[in-house]
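Thanks, everyone; I would like to take a few minutes for one model, looking at how some of its parts pack, and I will give the cut-offs as we go.

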Amino acid sequence: MIYLLLVGVPFVIGLLALAVDSDERRPWLLPFGCAIHSSIVVACWRTLPEPIASGWFSIDGLGLLVLSLASAMLLVCSVYCLEYLRLRRERHNRLFTACLSFILGAVSLVCVSRHMGLVWVGMETATLAAAPLVYFNHNERSLEATWKYLMMGSLGIGLALLGTFFLALAALPNAGQGDPLVIDTLVARAGTLSVPWLRGAFIFLLVGYGTKMGLAPLHSWKPDAYGESPGVAGAILAGVITSCPFLGILRAFQICVAAGLSGFAQSLLVMMGLLSMATAAVFIIGQRDFKRMLAYSSVEHMGILVLGVGLGPTGSFAALLHLINNGLTKGVLFLTAGNIHRAFGGKTMDHAHGALRRVPISATLFLLGFVAITGSPPFAPFVSEFSILRAAVDGNRFGVALGFVGLLAVIFIGMATTVLSVVYGVPNTESKEPVQGDSPFMTLAPLVFMAAIVFLGLWLPNWLTTVLGDAAKLLNGGAS
Amino acid sequence: MILLLAAVLALGVAAVLSASLFRHGHAARIIVIGGLAAAAIAGGALAWRVLWGLEVLDFIRPWLVPGAVFHLGIDSLSACFLLLVLIVGGCAGVYGEGYIAASHGHVPAIPARFFFLVLMASMALLVGARSAILFMVAWETMALAAFGLVSCEHGKPEVRKAGFLYLLCTHIGSLCLLALFALLGRNAGSLEFSAFAAAPALPAAQRTAVFVLALVGFGMKAGFMPLHIWLQEAHPAAPSHASAAMSGVMIEMGLYGLMRLLALLGPVSMPAAIFLVALGLVTAVFGIMFAMVQRDFKRLLAYSSIENIGIILTGVGLGCCGLASGSPSLALLGFSGAILHTINHGLFKSLLFLSAGAIYQAVGTRDIEACGGLQKSMPWTCGLTAIGAAAICGLPPLNGFTGEWLIYSWLLRPDIGHGMRFAALAAAILGVVGAFAVVAFSKCYGLTCLGQPRSEAARNAKEPSWIMLGPMALLAALCAIIGVFPAPALYVAFAAAGNVARLARPAVSSGLDEWSRLLGVVGLLGAGVCALSALLWSLRRSLLRRRGVAAGPTWGCGFTAPTARMQYSGASYPVPVTRVFTALLATQEEVHPPLGYWPVKASFASRTPDPALERWLPVLVAKCEDWLSVPRRLQHGRLQLYLLYVSAFLVVILLWKL
Amino acid sequence: METLRLVASYLMMVILAPPIMLGIITKTKAAVAGRKGPPVLQPLYDTIKLLGKGAVYSKTTTWMFRLGPVVSLAAVLAAASLVPLVGAPLIAFNGDAILFAYLFALGRFVTVTAALDTGSSFEGMGASREVAFSSLAEPALILSFASLAYRSGGLSLAQMFAPHGGPSAAASAILALGSLFVVLLAENSRIPIDDPNTHLELTMIHEVMVLDHGGPDLAFILHGAGLKLVLMTSLLVRLILPEMPAVGAVGSLVLGLAAAAVVIGLVESSMARLRLVRVPQLLVAAICAATFGLILTLR
Amino acid sequence: MEQLSQLLLAFIVFLSLYLLGSSSLTGCIKIVALQGMCLGLLPLTIHSLGFHPRALLLAAGMFILKGFVIPRVLLYAIREVKIRREMEPMIGYTLSLLFGAILIGVSFVLAERLPVPPGLRTNLLIPVSLATVMMGMLMMISRIKAVTQVIGYLVFENGIYLFGLAISYEIPWLIEMGVLLDVFVAVFVMGIIINHIALAFDSISTEKLTRLSD
């Protein structure tokens, strides 16, 4: 029942949004729906619901984490949307609003379904639902971005499907008893899976979901899509939608570890992680467009996530923590970046100067978000990044640790160049449209995220720690 | 230990209040000064207890962050730095109120107050931190607060540049520290400092790694050559009370980190110790040489901070030499010299920065060439500047001499092992540094405050308000007191040095007795100089009272129409020295000599760029740039290529891993 | 009683020795030049006369200008208390050599700032040269102190500047002596580094800094300069000359000082002043000599 | 039966190669339709169990969808934007054919490493499906027109579906639904996009879509 609610409520809200035809009233559906969804999620935190439908649906630590992150971020972003969509009167927001809540539904499906096929379906729905968000501005650039996003996304989705098939073939030996694609069955009978097929499955799933997640060298759609979509869409893409494919990869990893392929999987993950960080570093240096810069920073942090998972149990714990921290921080960055973009009518260093003078609150939050995402205490990402570093060092992976720290330094230099020149300085006076300063809701939303980051950075609640620990154990072959 | 928390909290609360509720006027001023005072009382009481040997229990609370424990502890080393923070920071903070008020909005009040108090709080927390994560939190908060102070006046491009540079350097340093603590934590199995101390010795390779990481991580903050690049940019950019706190205390936190690490991990090898000494000497010579040739007096002060950091590092290195050669007395002497000089530098450098701020506000420029003759218009400021200048040159009746004297007497100790006689050369280099300091600061003080005004602004400068003069006077008084009565300061320094050298109190106190006796005589002679001067002064007065005293123009050696522009300029003053070291300084000169029988205009301009920042770094950056430009082409914009990446990657992985 | 005698004789030395020594130097120079020359006590008369005079102060100057001569003389006097002028010094402790050097630095600092206070380009020039050359003399001084300290096993002037045996020690002592002699010439602005009685301001170093001083101030300055000369010379003398039991410590020192004065006079009348650009080279040569001496002691 | 399935598979590969070499747009669409029909027939032949009702259902569905519906959509799209028929691959036809051959080799090499799943009549299925997938990707990479890229994507999808056949009986029908949904939605969305591209650029060459770059 609760699963039905989790998945169904957002879809119903989305359909309602399609039905309502007043651009003023429609957006109010979002916070409403998200609030309901979040309350259900809170209920899940209280008591984990039992598996149903012969184990096709159930929630474990991993799913719960991603689900809560998605629900919370969409709740806050929907508040942001209220005001944002009022400012963007010239565009009809029917599709935009509907797709936002479809995304929530799809993500919930990914989180609660334990059947790789269903996971895949949810993923695909999320991908498609995100396309209108990217295309919201309806200009040539956003069209190109959407085109690239869809082509790459479809390719990734296809490859992921192929990977799922491989998984099924790996499970053929124990076909018949139960559904071979239910994760619990796979993990339970991991010993009997045929290894070559499983290796293939992991590779295809990694490449397929990695494309959607934006790991280098599969990331190339990301700067375009993030750069051309509205700030709030960027926040949802970077914070919520990327965490679904990550969950998919984690599932595959879980099965591989159970089947004793942890070495193979971890080496792949570490390699892709460092590769993504390096690629991000190359493109962040000298990046003049601060939204594209954020996109590359997202590539970097996706890399950090898989790197952490590749570093064993402690690393996985840190990576899961970083999943949340990164999502929240990206929320701050993209929302404030959107505000700055609008205040200056441009998203490059040439347009935007001295944001601190024009939109003080947003600019301050943008600066703090930058400091946080680059791993400075007392913000939450520091804790996770430092734990990942420790995991590398404790595991005697000194080369990895060195690369990690070095790349972090390079990326910091690159981001600092852009961010500081955007935030500080004097705004150039001749700006096209009338200057609009900070507006309540659109600064409140990132403020909430920032508060959460600081809180998590100084005080990681016990319940969260336990869930993270369970999830990490789950990943690395422990009993759930 | 509650006292330390109280101090930190007082500062933090004051910061928040001054930024949020009471933004303007007297309320904020009272909040700031009150917070500083409360912190000073609490912290001072705590430091007093610790230094006088009373046991203070650690404050340990669980902290819900992975691998972290909220562990505060304090020993003499911490107490010594805590005192420094509170005294120097307190003076700078009080001064800052006057400075902000007098800047007429050029210095934005809210960030200046907020970040300053946060800086103070984080430094107070830093010296008490006893677990790596708490240390890093305090460290980074300190760095960020300082960044906020540096980029207070971000309207100016040079300020933005300075802030950017500073943020880069400090963050790279912090990353090194993270790696360092990760390494130590791996060895100790916990991020507690006590665990580091108890852990088994690291293997040689990792020891070297730790040494290098610590040197880069802490040296970036302290400004060892060539990691100093941010320093001479950031200090002029920050408001003066901030640069006083940064130069007087914050950069010394880097050295605190080094010494804390020594106290935890024990002695370094002899080559490493000698490397530290060499690095310190190079830094000192480099710093003072470039200080000599500056024409912006805050820049000059910043470079001299590099010099003093070099001297302190030399002392630390000498202490390590003592440890490595198994002679606790030498170790104690070296460390105590370093710490005593740290205290002294904190006092006179902040004094000089404060007076520099006063002069800057009075004249409206930091250019020495535009000042001069200020001693007539602002006698108090200039008098205090004179004291600071004399102290920083290490001249006897003032505190600057005491620390240097300890280091000298380490170096020239006849009974040090035969292997360490290289020390005499180090002593000679220190001598050069001292003499160069005289050049730099006779220039800084003499050309700024004495002679004839070189500009209209300098002619009608005004003395600053008492709220600015008071703290300066206090600092100057401390300089003089430590100079003639060094025993208490020496006691503190030795107690701290005992922590660094991991010696028991009896051993420390035996060394203390010897050296406080000797330094006592030094102070006595300093007092003697003062007494003699007073005697001669009164003699002169009585002599002159009988005869008349006339006033006239300066004797122009037969030239009858001298103007202010004919005085020796900041550029020409150090030339006899710099000519000798042209190769090292690489001063750029632009000369347009007078030509023809009736020369219309002639000009001379000289500028000495920082080698690390303006000669070496650009080359590196350029290299990286064209190295990076190759992979940049990958993001070509063509969808087909992107698809190709995916497919090719897939095929490769399949062929490789399947 | 004993201490009283000591102090009294000290004061005698401090007050009388400088002018007399300067007098001997001028007398020697005059003799070499075949003139009669002023009486030996002439500098003393000058000082007394100057003390009786009034003073003219430039309107540019401030209290720094008046403070300069006073503090510099005070510094030199304090330094005098460390030098064994009457067999034993007033105060001796381990490390007073460094204090000795830095007291001179203090004197230099105040003189230089006083000169800058006049705002005259010439005095600025003198100040600039003074700090420059002294900063090259400093390492020579410290290096030779180091070798003497190592060889005598103590960092106190009284110990360091006592005659010691041993061939290698002697060799190093001689090298240290040489460099110390150059330092002495530089510090006291004698030929060949500076000419105390030149009359062309452009070539002066020390003299040009005190152009504006008059009356008691000038008296202080002259006496301070003379005392500085006496102090350093007496150190050298003690190093060279073994104590002659016949005349006692004071007597031998006085004799040595007189002899040194004659030597200086001969040197000054026999050679001309160096060109300013050559001065640093001479000082660097002194540094090299001191380093070599140090190496000899380390061997 | 076995020969038939072998024959069909070989024919599918041949069709993909032909696509790589062919230049006419409508021709391409027709070939894809043909390939889709073959795919529709395949489930009837490939499995040892013979005519299974679900196999019939699936065959019919695939036959209609891949053979008629989707080609119609595409033809409609190109008629809408009246693009020129002929189209120029970035790498010449011969070279792309060569690459296609290489990819077939690669797919056989890869298939060597994978054990043949039980209950499958022919061991040709896996390599052929991999080869089709890769050739679909090659087509997406090497062609310039948006429509051709869609066609390439269709080939890619056909490959995946082919693979799905190998397990169509062991796991419930959701997978096939997935494939259909996938193909359908992909084509549908891309059709919309193509129209928008046409409106924006009055030609559906992706040459124009290279503004966003670093």
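What we have is a predicted model, in which local features need pLDDT of at least 70 and side-chain atom pairs count only at pLDDT 80 or more, while totals for chains, interfaces and linings use all residues. Residues are numbered from 1 along each chain as its sequence is written, and chains are lettered from A, with ligands numbered from 1, in the order in which they are written.

In chain A, the axes of helix α13 (residues 290–310) and helix α18 (residues 398–423) come within 11 Å and cross at roughly 155 degrees. α13(A) and α18(A) are therefore roughly antiparallel to each other, a term for angles over 145 degrees. On the α13(A) side the contact is made by A:Phe290, A:Met293, A:Ser297 and A:Glu300, and on the α18(A) side by A:Ile411, A:Met415, A:Thr418, A:Val419 and A:Val422, where contact means C-beta atoms, placed from the backbone, within 7 Å.

Between chains B and D, the contact takes 13 residues from chain B and 14 residues from chain D. Helix α25 (residues 639–657) of chain B gives the largest share of the side of chain B that touches chain D, namely seven residues.

Finally, helix α16 (residues 399–411) of chain B has 13 of its 13 residues buried, that is, with 20 or more other C-beta atoms within 10 Å of their own. At 1.5 Å a residue, α16(B) should span 18 Å, which agrees with the 19 Å between its end C-alpha atoms.

Methods. Axes are lines fitted to C-alpha atoms, for helices over the stretch in contact, and angles run from 0 to 180 degrees between N-to-C directions. Helices (H or I, at least four residues) and strands (E, at least two) are DSSP runs, numbered from the N terminus. Angles under 35 degrees count as roughly parallel, over 145 as roughly antiparallel, 65 to 115 as roughly perpendicular and the rest as oblique. Two residues are in contact if their C-beta atoms, placed from the backbone, lie within 7 Å. The expected span of a helix is 1.5 Å times one less than its number of residues. A residue is buried if 20 or more other C-beta atoms lie within 10 Å of its own, exposed if 12 or fewer, and partly exposed in between; C-beta atoms are placed from the backbone.
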